[in-house]
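Biologist: Please take a close look at one part of this model, the aromatic pairs. I would like the geometry and the surroundings of each.

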Amino acid sequence: MSGSHPRLHQSAAPAPNALSSDKDAEMPATEKDLAEDAPWKKIQQNTFTRWCNEHLKCVNKRIGNLQTDLSDGLRLIGLLEVLSQKKMFRKYNQRPTFRQMQLENVSVALEFLEKENIKLVSIGGCERNE
């Protein structure tokens with residue numbers, strides 16, 4: 001026996017008969033990291049949701065689902081007003097029942113950020129399906 005560690009001489013390649021039937025094992029690491037259900041994304045989403053809710057307590061609002069609860073613009077406007085300690089520069093729809101009203105609210109929030117010199121990259125008021 002030599003003084004070297006036995007693991008240093010092992011090959012990093014898997015044994016030829018060690019084929020995995022699991023789809024995740026076949027997917028390259030970068031694709032797994034970018035997958036919709038990647039664990040780090042869930043952690044980020046939960047952390048951001050808790051942070052938002054902590055600030056939204058002041059205006060008696062709450063976010064349960066980031067993907068749907070910000071769509072009408074009301075919670076986004078509430079969050080911006082709490083964080084900036086300022087009111088929106090223009091009126092918005094308090095009860096947005098139509099999609100157009102919801103998009104208008106989001107536009108009001110984005111306009112507020114622009115007037116406050118907060119730059120956003122690759123974010124717009126409506127989705128483009130092409």
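Modeller: A residue is buried under 20% relative accessible area, exposed over 50% and partly exposed in between (1.4 Å probe, protein chains only). The model is predicted, so local features need pLDDT of at least 70 and side-chain atom pairs 80 or more, while totals for chains, interfaces and linings use all residues. Numbering starts from 1 along each chain as its sequence is written, and side-chain values use heavy atoms, without hydrogens or water.

Rings of Phe, Tyr and Trp (its six-membered ring) pair if their centres lie within 6.5 Å; planes under 30 degrees apart are stacked, over 60 edge-to-face, the rest tilted. That rule gives two aromatic pairs. One is stacked: Phe48 and Trp51, at 5.7 Å centre to centre with 20° between the planes. Trp51 belongs to helix 3 (residues 39-56), helices being DSSP runs of H or I, at least four residues, numbered from the N terminus. Because Phe48 and Trp51 are three residues apart in helix 3, about one helical turn separates them. Phe48 is partly exposed at 39%, and Trp51 is partly exposed at 38%.

Phe89 and Phe112 form a tilted pair, because their ring centres are 5.0 Å apart and their planes lie at 35°. This pair links distant parts of the chain, 23 residues apart: Phe89 sits in the loop between helix 5 and helix 6, and Phe112 in helix 6. Phe89 is partly exposed at 44%, whereas Phe112 is buried at 3%. Helix 6 covers residues 99-115, and its buried residues include Ala109, Phe112 and Leu113. The buried residues of helix 6 pack against helix 5 (74-84), where contact means heavy atoms within 4.5 Å. After helix 6 comes Asn117, with a positive phi near 60°.

Key:
Helices (H or I, at least four residues) and strands (E, at least two) are DSSP runs, numbered from the N terminus. The expected span of a helix is 1.5 Å times one less than its number of residues.
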